[in-house]
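Me: I would like to learn how to read the features of a structure, one at a time. Please give me the general idea, then the case at hand.

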Amino acid sequence: MPIVDFKRLHRTMMIYRVVQALLLAMLVYVALQFQHQFAALGRPQQFMTSIASGVVFQLILLYPIYKLAWRDAGVEMEGCADDLSKEAQVALRKKRLIGDLWKVCAIAFFIAFAALAPDAKKAAGAPLVLATTIIAFLLICLTYFQCFNFSARKRMKQAD
């Protein structure tokens with residue numbers, strides 16, 4: 001039976017908990033800002049529409065996010081073994097890079113989408129689209145970190 005040290009995985013999970021708290025605070029701040037913006041535009045109902053749309057978008061992506069987090073947690077679990085060969089380390093590095101590539105692509109999509117959104121003066125629906133995009137992005141990030149921690153805890157219990 002290989003010797004497994006979960007110290008690094010526990011640290012990663014603690015960092016992810018802190019990141020979740022920061023993302024939650026950012027989500028509340030962004031939501032309040034958009035609520036004030038929609039109220040100033042005289043369309044407060046669009047705030048709830050953007051929240052609902054963001055949640056729906058998050059729910060659509062829930063399964064792929066969970067599978068990515070499950071895979072990443074598995075890679076981290078494999079990396080906890082003390083007796084890894086060079087070939088196993090190279091394979092784990094490749095798996096980490098592929099997972100990181102998926103995450104970078106998702107972040108780049110949301111940044112590009114938000115940056116290329118037209119100004120509210122040019123398009124009447126721009127604040128709604130921007131609010132939905134930013135709220136969905138923050139919810140998706142929160143979901144990934146929660147799924148990673150859940151998957152890691154579940155895998156650690158299975159390993160014991």
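Reply: Start with burial. Buried means under 20% relative accessible area, exposed means over 50%, and partly exposed lies in between (1.4 Å probe, protein chains only). The model is predicted: local features need pLDDT of at least 70, side-chain atom pairs count only at pLDDT 80 or more, and totals for chains, interfaces and linings use all residues. Residues are numbered from 1 along each chain as its sequence is written, and side-chain values use heavy atoms, with hydrogens and water left out.

Me: Is Lys-103 buried, exposed or partly exposed?

Reply: Lys-103 is partly exposed, because its relative accessibility is 23%.

Me: How do I read a salt bridge, and how many are there?

Reply: The rule is a distance: a side-chain nitrogen of Lys or Arg within 4 Å of a carboxyl oxygen of Asp or Glu. That rule gives 6 salt bridges here.

Me: Which partner does Lys-103 have?

Reply: Lys-103 forms a salt bridge with Asp-72, and the closest N and O atoms are 3.0 Å apart. The two belong to distant parts of the chain: Asp-72 sits in helix H3, Lys-103 in helix H4, 31 residues apart. Helices here are DSSP runs (H or I, at least four residues), numbered from the N terminus.

Me: Which residue pairs with Glu-76 in a salt bridge?

Reply: Arg-8 does, with a distance of 2.9 Å from N to O. This pair also links distant parts of the chain: Glu-76 is in helix H3 and Arg-8 in helix H1 (residues 7-40), 68 residues apart. Glu-76 has a relative accessible area of 16%, so Glu-76 is buried. Arg-8 has 41%, so Arg-8 counts as partly exposed.

Me: How do I read a pocket?

Reply: Begin with the idea of a probe. Rolling a probe the size of a water molecule over the atoms shows where empty space is left. On a 1 Å grid over the protein atoms alone, a cavity is a set of points where a 1.4 Å probe fits but cannot get out, while a pocket is an open set with protein on both sides within 12 Å along at least five of seven lines. Lining residues have an atom within 4 Å of a point. Grid points are joined across faces, edges and corners, and a volume is the space filled by probe spheres set on the points.

Me: How much space lies in the largest pocket?

Reply: The largest pocket holds about 420 Å³. It is lined by 17 residues, and the closest to its centre are Ile-65, Leu-68, Lys-103, Ala-106 and Ile-140.

Me: Which helices supply its lining?

Reply: Helices H3 (62-79), H4 (86-115) and H5 (126-159) each supply at least two residues. H4 gives the most, with 7 residues.

Me: What classes of residue make up that lining?

Reply: The lining has 16 nonpolar, no polar and 1 charged residues. For the classes, Ala, Val, Leu, Ile, Met, Phe, Trp, Tyr, Cys and Pro count as nonpolar, Asp, Glu, Lys and Arg as charged, and the others, Gly among them, as polar.

Me: Which residues form a nonpolar patch on the surface?

Reply: Phe-57, Phe-109, Phe-113 and Val-129 form one, with about 340 Å² of accessible area together. Patch residues have over 30% relative accessible area and no salt bridge; like charges are joined within 9 Å, nonpolar side chains (Val, Leu, Ile, Met, Phe, Trp, Tyr) within 5 Å. Areas come from the Shrake-Rupley method with a 1.4 Å probe, and for residues only the protein chains shown count as cover. Take Phe-57, in helix H2 (residues 45-60). Phe-57 is partly exposed because its relative accessible area is 31%.

Me: How do I compare sequence separation with distance in space?

Reply: Gln-58 and Ile-135 are 77 residues apart in sequence, with C-alpha atoms 9.3 Å apart. Gln-58 lies in helix H2 and is buried, with a relative accessible area of 14%. Leu-97 and Ile-134 are 37 residues apart along the chain, and 26 Å separates their C-alpha atoms. Leu-97 lies in helix H4 and counts as exposed, at 56%.
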